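The structure is shown below.

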Amino acid sequence: MHPLAAPLLTGSRRALAQAITLAESTRPEHEAQAQVLLSEVLPHAGRSMRIGLSGVPGVGKSTFIEALGVWLADGADGSGGHRVAVLAVDPSSARTGGSIMGDKTRMPALTVHPRAFIRPSPSGGTLGGVTRRTREAITLCEAAGYDIILVETVGVGQSETQVAAMTDLFVLLTLPNAGDELQGIKRGIMELADLCVVNKADLDPAAANRAQMELGSALHLLTPRGAVWQPRAVQASALSGAGVQAVWNAVQEYRQVIGARLEARRQAQTALWFDALLREAVWRSFVSGQDAGRLQATRRAVLAGELTPVQGIEKVMLAGMS
Ligand code: GDP
């Protein structure tokens, strides 16, 4: 057994923090140790609700997570108190050296809550690196007994797709100015949403009502016929905590409607993830065995139009086998 396994399984936050640090390390001996630890605790993972959350900067993600997180950790839903873990996916943290998300000071009450655990985005270099480490952090948090995992991501680029692919339910936070918002929100992101939350409803209740209706119809149009769950829009004011109950009711309803299909969703996610890792591993091992100069020459030939891309690949594959 890895020495961190036992304390982790008894719920030690210190062991959890150390385990995540180990899993984030890029040193080969740490990577190997982390994989041993992960495989040991894997049978104890999986018993949580994994919720992805996204929205443009300033929409109120951290305020909302703080409100929902404290509400759940306090047991305001009658649960006796959930254990809430907050993880972040922010590929920009690697580039800028500082994270715009996951900063603990953004959630002061949740940070000091004894039933909560907050971890900033790993600086994984690439989105793939950050994604892998966040997936592993989910497993470790679950093994440590956290039953609500909130995975936050900033609403730009590819990270939403990655977060939706590792969570059970994907929540998109929006602002009350729905007309503008609907144009600003990329259709692709709307399609990922199981739930839209119109935040800052207190600023303009009439606009929030309109936004809720417009988003509701847009979600309806985007939902394929025969889908088990109809994504919906609700309102909230993260600042006052209004609407947190409504959001949680929707999450509970989702869980009921999805029921046993949740396991199938997770299996499909793991299968896609395995395939992605396989592609990456095969690619890396193939390219590392190649003559870099020859590869470049073929690429140049394709760019010059001397070979079609398919012919270029055939040439590279032939060379790789010789
Ligand atoms: P994030 O960048 O998405 O994490 O957004 P923040 O949570 O940092 O919120 C951005 C700003 O909006 C902060 O000044 C918050 O106090 C404010 N804010 C967040 N939620 C609400 C809300 O429901 N109503 C109002 N009026 N302001 C809010």
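A side-chain N or O atom of Asn199 lies 3.2 Å from a nitrogen atom of the ligand. This is a polar contact, that is, a pair of N or O atoms within 3.5 Å; within protein, one must be able to donate a hydrogen and the other to accept it, and residues adjacent in sequence count only if both atoms are side-chain atoms. Lys200 places a polar side-chain atom 2.9 Å from a ligand oxygen, and a polar backbone atom of Lys61 is 2.8 Å from an oxygen atom of the ligand. The ligand alone exposes 580 Å², of which the protein buries 73% (Shrake-Rupley method, 1.4 Å probe).

The model is predicted: local features need pLDDT of at least 70 and side-chain atom pairs pLDDT 80 or more, whereas totals for chains, interfaces and linings use all residues. Residues are numbered from 1 along each chain as its sequence is written, and side-chain values use heavy atoms, without hydrogens and water.

## The shell around the ligand

Of the 16 residues around the ligand (a heavy atom within 4 Å), Gly58, Lys61, Thr63, Arg106 and Asp202 come nearest. The shell comprises 6 nonpolar, 6 polar and 4 charged residues. Here Ala, Val, Leu, Ile, Met, Phe, Trp, Tyr, Cys and Pro count as nonpolar, Asp, Glu, Lys and Arg as charged, and the others, Gly among them, as polar.

## Ser121

Ser121 counts as buried because its relative accessibility is 10% (buried means under 20%, 1.4 Å probe, protein chains only). A polar side-chain atom of Ser121 lies 2.8 Å from the backbone nitrogen of Asp90, and the Ser121 side chain also reaches the backbone oxygen of Ala88 at 3.4 Å.

Methods
Buried means under 20% relative accessible area, exposed over 50%, partly exposed in between (1.4 Å probe, protein chains only).
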